[in-house]
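The sequence and structure come before the text.

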Amino acid sequence: MRHVTLKIGIVGTGWFAGKHADILAKTDGVEIAGVVGSSKNKGEVFGIRYDAPGYESVFQMADSQKLDGVYICVPPMAHGEIERELIERGIPFLVEKPLGTDAELPQDILGFIRLKSPELITSVGYHFRYQDNVARLQEVLQPGRIGMATGQWMGDMPQAKWWRRQEQSGGQFIEQTTHIVDLLRYCAGEVEEVHAVYASRFPEEEWERTNVHDIGTVTLKMKSGAVANISNTCVLPPGVGKAGLSFYTREGLWEWTPSELKEVGVDGERVLAEKSDPYVRQTEAFLHALRTGDVSGIRSDYEDACKTQEVTFTALQSALSGRSIKL
Ligand SMILES: NC(=O)c1ccc[n+]([C@@H]2O[C@H](COP(=O)([O-])OP(=O)(O)OC[C@H]3O[C@@H](n4cnc5c(N)ncnc54)[C@H](O)[C@@H]3O)[C@@H](O)[C@H]2O)c1
């Protein structure tokens, strides 16, 4: 089916701006209309691949043409002005997780959406929600039947300098493990209370100017009465690690990883390999919403993602204070 061409702007010129831009460039009926970099030159250099002009601010990009939507792919500390400018102009956006380094800024932005443009179409990059296996988990799991859940994101220290600075990334649980927290909420319901213990084991051993915790474990009480634990570390050597979330229920055990879902019941076990590309589906749902106004395919919007951010930020506060905190 032929579509009216959508004009999409991109903010950010890093790894994930490239990932989204490549998907958009292959999508029928989409024009990458401009790229905002931390300098105009960076925007222009990135834009060459997509035949798109570069800009030094969202203000400039949105002033020079009519945009149907914008992808925001900047590190956690760079949020705020970008979103406010788009909300002011009523331009829909897909923003990469996490929404910020704390929970206050996203709440302010949510308030601004409600004030200026309550119907604004937003989507947040919790892409695992678009997997077939996660759809299956949502179908089979009933929060009231879950006893407990355990999850983890165990890996190495990412290369990006901003990631290793607490004030720029928010730390591993807010920046990365947020995916697992979001999946827990999506499949098992809301969180009521968190208690976190974080530590720094080898902060400067390999990487200079690192001040994020490199190990941590968070116990979460769910509203359903279930209990969950999610741990993370970035002390492992490059390329070594695992991520996943397991649910222990009266009906059996469900072990999810980004690549497969193992179901273990009294009748035996089976493994479902993940075949979908959730990033493509995420973009399809967002573009469909832009074209039709039908947002039912968007599985994480700004308001919902604020709840995940509240959990991850409260975990940091718990770790710093040594206290269990109710949300
Ligand atoms: N959903 C996922 O699977 C996934 C995967 C990777 C990254 N991400 C998220 O995407 C975001 C970006 O990560 P990345 O890996 O692309 O980082 P990166 O370091 O590769 O790129 C970040 C880019 O943002 C630019 N930038 C910073 N501030 C800016 C501003 N105010 N205006 C315009 N550009 C600005 C930088 O110059 C850089 O080009 C992060 O929040 C990260 O968590 C999500």
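## Domains and their interface

The C-alpha centres of domain 1 and domain 2 are 26 Å apart. The model is a predicted one, in which local features need pLDDT of at least 70 and side-chain atom pairs count only at pLDDT 80 or more, while totals for chains, interfaces and linings use all residues. Residues are numbered from 1 along each chain as its sequence is written, and side-chain values use heavy atoms, with hydrogens and water left out.

The domain assignment gives domain 1 as 6-126 + 279-300 and domain 2 as 128-275 + 310-326; such bounds come from an automatic or database domain assignment. Domain 1 puts 19 residues into the contact and domain 2 puts in 18 residues, where contact means heavy atoms within 4.5 Å. Between them the two domains bury about 1700 Å², with 57% of it on carbon and sulfur atoms. Buried area is the accessible area (1.4 Å probe) that two parts lose on being put together, summed over both. On the domain 1 side, Tyr-126, Arg-281 and Arg-299 lose the most area to domain 2, together 43% of what that side buries.

## Nonpolar cores

The largest nonpolar core has 37 residues, and Leu-184, Leu-220, Phe-247 and Trp-256 touch the most other members. A nonpolar core is a set of buried Ala, Val, Leu, Ile, Met, Phe, Trp, Tyr and Cys residues joined through side-chain atoms within 4.5 Å. Buried means under 20% relative accessible area, exposed over 50%, and partly exposed in between (1.4 Å probe, protein chains only). Helix 9 (residues 178-188) gives the most to this core, with seven residues. Helices (H or I, at least four residues) and strands (E, at least two) are DSSP runs numbered from the N terminus.

Beyond four places in sequence, the contacts of Trp-256 include Phe-128, Ile-180, Leu-183 and Leu-261. Another core, of 28 residues, lies apart from the largest one; Val-36, Phe-93, Leu-110 and Phe-112 are among its members.

## Ser-276

Ser-276 is in the loop between strand 14 (268-273) and helix 10 (278-292). Ser-276 counts as buried because its relative accessibility is 14%. Its side chain makes a polar contact with that of Glu-274 at 2.4 Å. A polar contact is a pair of N or O atoms within 3.5 Å; within protein, one must be able to donate a hydrogen and the other to accept it, and residues adjacent in sequence count only if both atoms are side-chain atoms. Not counting residues up to four places away in sequence, Ser-276 touches Tyr-130, Gln-131, Asp-132 and Arg-281.

## Cysteines

The structure has zero disulfides, a disulfide being a pair of cysteine sulfur atoms within 2.5 Å. For Cys-73, the nearest cysteine sulfur is that of Cys-306, 18 Å away. Cys-73 counts as buried at 11% relative accessibility, and Cys-234 counts as buried at 3%.
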